[in-house]
Amino acid sequence: MHANLSAILPLEMLQSAGTGPLYVKLRQTLEEAIRSGRLGQGDALPPERDLAEYANISRVTVRKAVDDLVKDGLLVRRQGSGTFVVKPVSRVQQRLTRLTSFTEDMVRRGLKTRSEWLERGLFHPSPEEMMMLGVKADAYVARLGRLRIADDMPLAIERASLVAEFLPDPASVTSSLYAELDKTNSRPVRAIQRISASNLKNPDAAMLGVSPGAAGLSIERVSYLASGRVIEFTRSVYRGDAYDFVAELTLAET
Ligand code: 16G
C-alpha cells in the first residue's frame, strides 16, 4: 500500500465529493489533490491497484478516473514506470536566424543539458539519407539519435545523420555534436529548416513525458559546410508546450 494514500486522498473527501458516478468523485478528489499540491508536480500517482484497494472501489472505476485526468492533461502515463502528475514547463524561445547547437542554446539560457543516447554508430544509408546527404548506397553515414534533456526536462528527440567522412567515429561525440565538428573545421555554417506541427505518438510522447496526442513540432534540418556540401540531415520532434521558435523579420532592402 502506498504510504501517503490517506494524506493524498482523505477518504472523507472522496465520500463527500459532489454527486454522480464514483469515478467522477474520484476524479474530482484526485484533481483537488493535484491543484492543492498534495500530489506535487512530477510526483508518481500511487498504483491504480493500491488506489482501488484503499478506496474500496473497482480498478475499472479507478482507471476511468485516471483516464479522464490523462485526457485533461493533468496526469501522464509513462510506459513501464507509472502515472505522474504533469509538470508545467517554462517555454524555451529559439531564434530562427542563428545556426546554433542545442547545447549552445541551452547554455545561453542557463540550462544544464544532457542526452540519452538512442542510437550512435555508422550505418549504410537509408534511401532518405541517400537523397538528403547525397551519398551512395555503399557509403556510410553516422547516426546520432538522442533524447535531449534540459534541466531534467526532456525537450526533444533528435535523429541526426551525417556524411561519415566528416564524423568517422560517432562515439567521439559525447555531449555536443557541433563542438566535435568544430575540432575538424567541419561545423555547418548554413542550414535549411522545415518546421511543421504534429501530434506526438508513442513511443516519442512517452520519451518526452507527455500524453499521446499532445502537440509537438517536427523539424527537419539540412546543414551545409562553407564549401556548399551537405553534412547533416536531422529530424527532430520537440515538445510543443516547451519550445517557441521566434523569427525576426526585416524589410527587404531594395
Ligand atoms: C540543433 C539542431 C541539430 C543539431 C544539434 C547539435 C535544430 C532543429 N537542430 O538541435 O540539427 O544536430 O543542434 O547540437 O535546431 P549539439 O551540438 O548540442 O549536439
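These notebook entries record what I looked up in the predicted model.

**Entry 1. Conventions.** I worked with a predicted model, in which local features need pLDDT of at least 70 and side-chain atom pairs count only at pLDDT 80 or more, while totals for chains, interfaces and linings use all residues. I numbered residues from 1 along each chain as its sequence is written, and side-chain values use heavy atoms, with hydrogens and water left out.

**Entry 2. Ligand shell.** The shell has 16 residues, of which Thr103, Glu158, Ser176, Arg221 and Glu232 come nearest.

Entry 3. I searched for pairs of N or O atoms within 3.5 Å. A side-chain N or O atom of Glu158 lies 2.4 Å from a ligand oxygen atom. For Arg221, a polar side-chain atom is 2.6 Å from an oxygen atom of the ligand, and for Arg146 the corresponding distance to a ligand oxygen is 2.9 Å. I also looked up the cover: on its own the ligand has 460 Å² of accessible area, and the protein covers 98% of it. These areas follow the Shrake-Rupley method with a 1.4 Å probe.

**Entry 4. Elements around the ligand.** I took helices (H or I, at least four residues) and strands (E, at least two) as DSSP runs, numbered from the N terminus. Two or more shell residues come from each of helix 6 (102-108), strand 5 (141-150), helix 8 (177-183), strand 8 (215-224) and strand 9 (230-239). Strand 9 gives the most, with 3 residues.

**Entry 5. Charges.** I counted salt bridges (a side-chain nitrogen of Lys or Arg within 4 Å of a carboxyl oxygen of Asp or Glu). The whole structure has 20 salt bridges. In one of them, the closest N and O atoms of Arg63 and Glu48 are 3.2 Å apart. This pair links helix 5 (residues 59-71), which holds Arg63, to helix 4 (residues 48-55), which holds Glu48, across 15 residues. I next checked for charges over rings (NZ of Lys or CZ of Arg within 6 Å of the ring centre and within 35 degrees of the ring normal). Lys64 sits over the face of Tyr23, 4.3 Å from the ring centre, and Arg190 sits over the face of Tyr224, at 4.3 Å.

Terms used
Near = heavy atom within 4 Å. Polar contact = N/O pair within 3.5 Å; in protein donor to acceptor, adjacent residues only side chain to side chain.
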